[in-house]
Amino acid sequence: SAGVGRRRRRTQGPCPNALFVRWVEEWRDEAREKGAKTQYTYAKAAESLKKYPLPLQSGQEARILSHIGEKLAQMLDEKLEEYRNSVRDNADVGLGSDGPSNHHTSRLVVPASATDRVDCHSETTGTSDPPAKKRKKASDEYIPSYRSGPYALLVALHSAAEQRPGFPGYLSSSLNCRL
């Protein structure tokens with residue numbers, strides 16, 4: 001058939017947690033340079049953040065994800081506070097007394113430049129290791145083992161189909177008793 005081997009692909013938009021992913025990957029790279037084993041934890045946390053489809057507003061909120069514990073959540077919150085302060089300071093520089101004084105910092109605003117550098121939908125973990133070889137997929141065909149229960153059922157169906165013209169292709173309880 002024409003559709004064999006085709007799969008529906010889901011469109012993937014921009015990463016909803018690009019800043020968190022970028023910061024965790026920076027920490028991972030720093031740990032790698034130092035030779036610390038925390039690099040592996042940071043890599044796993046970055047992958048969890050990349051896979052999470054909803055935007056997170058704080059590090060504590062990110063604790064629901066695997067590989068993000070209390071310390072990493074606290075580090076994310078501290079970095080987020082620094083980021084919000086720098087954004088607030090940069091916004092205040094260009095404003096006069098006429099400008100808006102109401103700053104909404106409860107919602108995290110990610111500039112386009114931050115999402116450009118983070119690919120949340122890549123399959124790599126950021127390590128320099130070559131990608132693992134993909135296993136050959138098994139065919140969709142199922143062949144039961146000889147003398148197994150499923151094999152016996154197929155033999156019974158086949159012999160019933162040969163013996164009875166107009167056989168429906170399945171066994172009912174009445175047909176089962178007569179075999």
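Accessible areas here come from the Shrake-Rupley method with a 1.4 Å probe, and for residues only the protein chains shown count as cover. On that basis the protein chain exposes about 13800 Å², of which carbon and sulfur atoms supply 52%. This is a predicted model, in which local features need pLDDT of at least 70, side-chain atom pairs count only at pLDDT 80 or more, and totals for chains, interfaces and linings use all residues. Residues are numbered from 1 along each chain as its sequence is written, and side-chain values use heavy atoms, with hydrogens and water left out.

**Fold and confidence**

The protein chain has six helices and zero strands. Helices (H or I, at least four residues) and strands (E, at least two) are DSSP runs, numbered from the N terminus. Buried residues make up 24% of the 179 residues in the chain; buried means under 20% relative accessible area, exposed over 50%, and partly exposed in between (1.4 Å probe, protein chains only). A contact means heavy atoms within 4.5 Å. Among contacts between residues at least 6 apart in sequence, 52% join residues at least 24 apart.

The predictor's confidence in each residue is given as pLDDT, from 0 to 100. The chain averages a pLDDT of 76, and 63% of the residues score at least 70. Confidence is highest in H1, at a mean of 94, and lowest in H4, at 47. Over residues 94-106 the pLDDT is below 50, and this stretch has seven contacts in the model beyond near neighbours in sequence. Residues 124-128 also have a pLDDT below 50, with eight contacts beyond near neighbours in sequence.

**Nonpolar core**

A nonpolar core is a set of buried Ala, Val, Leu, Ile, Met, Phe, Trp, Tyr and Cys residues joined through side-chain atoms within 4.5 Å. The largest one has 22 residues, and Trp23, Val24 and Leu49 touch the most other members. Two or more residues each come from helix H1 (18-34), helix H2 (38-51) and helix H3 (70-93). H1 gives the most, with eight residues. Leaving out residues up to four places away in sequence, Trp23 touches Leu76, Lys79, Leu80 and Tyr83.

Asn17 lies in the segment before H1 and is buried, at 3% relative accessibility. Apart from neighbours within four places in sequence, Asn17 is in contact with Leu49, Tyr52, Leu54, Pro55 and Leu56.

Ala73 is in helix H3 and is buried at 0% relative accessibility. The C-alpha atoms of Ala73 and Gln60 are separated by 5.2 Å, although the two residues are 13 apart along the chain. With residues up to four places away in sequence not counted, the contacts of Ala73 are Gly59, Gln60, Arg63 and Ile68.

**Salt bridges**

A salt bridge is a side-chain nitrogen of Lys or Arg within 4 Å of a carboxyl oxygen of Asp or Glu. A search of the whole structure finds five, including those in the table.

| Pair | N to O distance |
|---|---|
| Arg28 and Asp29 | 3.0 Å |
| Lys50 and Glu47 | 3.6 Å |
| Glu70 and Arg63 | 2.7 Å |

Arg28 is buried, with a relative accessible area of 4%, while Asp29 is partly exposed at 30%. Lys50 and Glu47 are both buried; they lie in helix H2, three residues apart, about one turn of the helix. Glu25 is linked with Glu47 and Lys50 in a network of salt bridges. Glu70 is partly exposed at 41% relative accessibility, and Arg63 is partly exposed at 38%.

**Loops and surface**

Most residues other than glycine have a negative phi. Phi of His67 is near 70°, a positive value. His67 is found in the loop between H2 and H3 and is partly exposed, with a relative accessible area of 42%. Arg147 has a positive phi of about 65°. Arg147 is placed in the loop between helix H4 (112-116) and helix H5 (149-163) and is exposed, with a relative accessible area of 70%.

Tyr146, Tyr151 and Val155 make a nonpolar surface patch of about 310 Å². Patches are made of residues with over 30% relative accessible area and no salt bridge, with like charges joined within 9 Å and nonpolar side chains (Val, Leu, Ile, Met, Phe, Trp, Tyr) within 5 Å. Val155 is found in helix H5 and is partly exposed at 42% relative accessibility.
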